[in-house]
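Hi,

Here is the structure I promised to pass on.

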Amino acid sequence: MDVLEVHLHSAVVAATGGHPGGSGLGYGATAEEARTGALGEMTEMALSGRALQPQERVQASYAELVARRSADRVADPLTLCLEAGSDYTPDRPLQWLPMTRLRDGEQVLVPAELVASTPDDLPGAPPPGGWLTTPISNGQGAHTDPDAAVAHALLEMLQRDGNATGFRAMDRGVVVDLDGVTDPDSRALLARLDAAGIDVVVKLASTEHGVVDVYAVGCSRDGSEPVPVMATACGEAAHPDREAAVRKALHEFVAARSRKALMHGPLDVVARATPPGYLDAWTAGHPPDRLAEEDRALRAMLDWARRPTGDLVDRLRDTVLSRRSTVRLADLPRWSGDDLHAHVVGGLHAEGLDVLVQLQPSDGEAVAAKAVVPGLEVETMSYGRIGERGVARLLERGDPLVAVGSDPGGWARVLLTADAEQRLGGPAWFDRAGADARVGDLYALYREPGRHVVALHLQKELA
């Protein structure tokens with residue numbers, strides 16, 4: 001699907017009466033690496049659904065559960081980065097699922113929508129007041145080794161926490177100078193991109209928690225993307241070692257070009273790159289109305305799909321493609337250990353953060369992991385989810401989207417514990433209308449509709 005001829009693999013296991021099925025996309029420097037990644041992502045989705053859909057959920061309020069089990073055995077929703085302005089109170093009935101706290105092996109109940117990775121993981125009626133927030137796939141991992149699956153899940157959480165208010169519409173333009181990069185796969189890919197006339201830039205989101213959180217963006221120099229939406233591709237990565245982080249971000253960026261063309265490009269382009277019968281089989285089993293979970297995401301991507309490459313690049317120039325400052329790759333953290341799980345978990349524990357995990361085994365060797373770390377944040381600019389860390393970061397930058405003290409006027413209250421409010425200096429507020437305006441027509445960078453939904457909608461328009 002791209003001039004670069006790099007590996008992007010898709011894996012799908014069909015739903016059956018006893019299994020919800022799943023799909024995944026994988027990439028890498030070799031076909032085997034890409035195939036393994038696709039199978040891993042597919043496994044995350046399939047095992048999450050199989051584990052959670054039949055699982056009985058506890059329905060009670062946080063206050064009731066604390067009285068029954070003690071506060072130590074129930075995750076406080078106020079630490080889980082709720083949506084600003086939520087009507088949550090400790091007396092609101094919620095549905096809960098168990099996770100294991102790695103620090104001591106104790107079982108901890110967590111709101112079900114934080115354990116789930118898709119709405120399909122939670123069949124049946126929601127609690128009386130509805131779900132606290134939309135389930136997302138953050139914090140998933142899969143492997144044949146449970147520790148490796150957990151490490152993968154935690155690095156995804158750290159990646160998204162580090163860039164929650166630092167890229168896309170909030171891009172700070174911090175470019176990583178790749179002079180001296182030593183990883184041979186990274187060097188080879190950079191050379192291939194340059195030869196193909198594609199400018200790529202790696203940017204820094206964060207070095208918190210001892211990980212290098214970077215992302216790669218870019219586009220062709222002459223606007224010659226085979227499908228215009230490829231110009232909006234982004235590859236993200238977080239790893240304790242700078243070289244590993246850059247390698248992953250670059251390969252994901254290249255894969256994202258083809259992924260966006262596959263997911264949202266014209267059906268004739270998709271047909272040329274997929275096996276005979278793929279599109280007919282997929283569309284027969286996945287009606288478009290089941291894949292468009294958000295009207296806003298569908299509208300945003302439909303708008304982009306109608307635009308030429310140059311228009312899309314112009315929209316990204318002041319944010320995603322901006323270059324305002326530079327850091328040297330050589331100044332970012334290195335790590336050369338051999339126990340990634342111990343390093344990442346140990347680092348979070350050293351910061352006083354708990355790691356909650358649910359392992360979801362298969363009938364074979366594969367295992368999926370879902371992780372929750374109270375205190376980490378995600379989806380601030382899309383769903384308005386923000387906590388103490390997000391408020392502190394934006395205050396430090398002088399960003400006008402947050403305030404502490406009295407309500408500036410119709411803003412959404414950030415739901416925090418009493419201790420968090422004391423550390424911040426008072427009640428915190430988030431300007432959700434301002435955040436929506438900041439995101440504007442870049443929402444398609446945050447949430448995307450499902451495979452081929454955009455193409456099918458455009459096909460109907462032309463019919």
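Setting aside neighbours within four places in sequence, threonine 79 is in contact with Pro374, Gly375 and Thr417. Please keep in mind that this is a predicted model. Threonine 79 sits in the loop that runs between α2 (62-69) and β4 (93-101). With a relative accessible area of 29%, threonine 79 counts as partly exposed. Alanine 60 is 19 residues away from threonine 79 along the chain, and their C-alpha atoms are 18 Å apart.

Three strands make up an open sheet with antiparallel pairing, in the order β14-β16-β15. The edges are taken by β14 (402-404) and β15 (412-413), and each has a single partner strand, so one side of each has no neighbour in the sheet. Between β15 and β16 (residues 428-430), which run antiparallel, there are two bridges. Arginine 413 stands opposite tryptophan 429 of β16. Helix α14 (residues 388-397) lies across β14 and β16, and runs at about 100° to β14.

Histidine 209 is not a glycine, yet has a positive phi of about 60°. You will find histidine 209 in the loop between β8 (198-206) and β9 (212-220), and it is buried, at a relative accessible area of 16%. Histidine 452 also has a positive phi, near 65°. Its place is the loop between α16 (432-439) and α17 (453-462). Is histidine 452 buried or exposed? Histidine 452 is buried, with a relative accessible area of 0%.

Best wishes

Definitions and conventions: Residues are numbered from 1 along each chain as its sequence is written. This is a predicted model: local features need pLDDT of at least 70, side-chain atom pairs count only at pLDDT 80 or more; totals for chains, interfaces and linings use all residues. Side-chain values use heavy atoms; hydrogens and water are left out. Helices (H or I, at least four residues) and strands (E, at least two) are DSSP runs, numbered from the N terminus. Buried means under 20% relative accessible area, exposed over 50%, partly exposed in between (1.4 Å probe, protein chains only). Contact means heavy atoms within 4.5 Å. Two strands pair if DSSP finds at least two bridges between them. Axes are lines fitted to C-alpha atoms, for helices over the stretch in contact, and angles run from 0 to 180 degrees between N-to-C directions.
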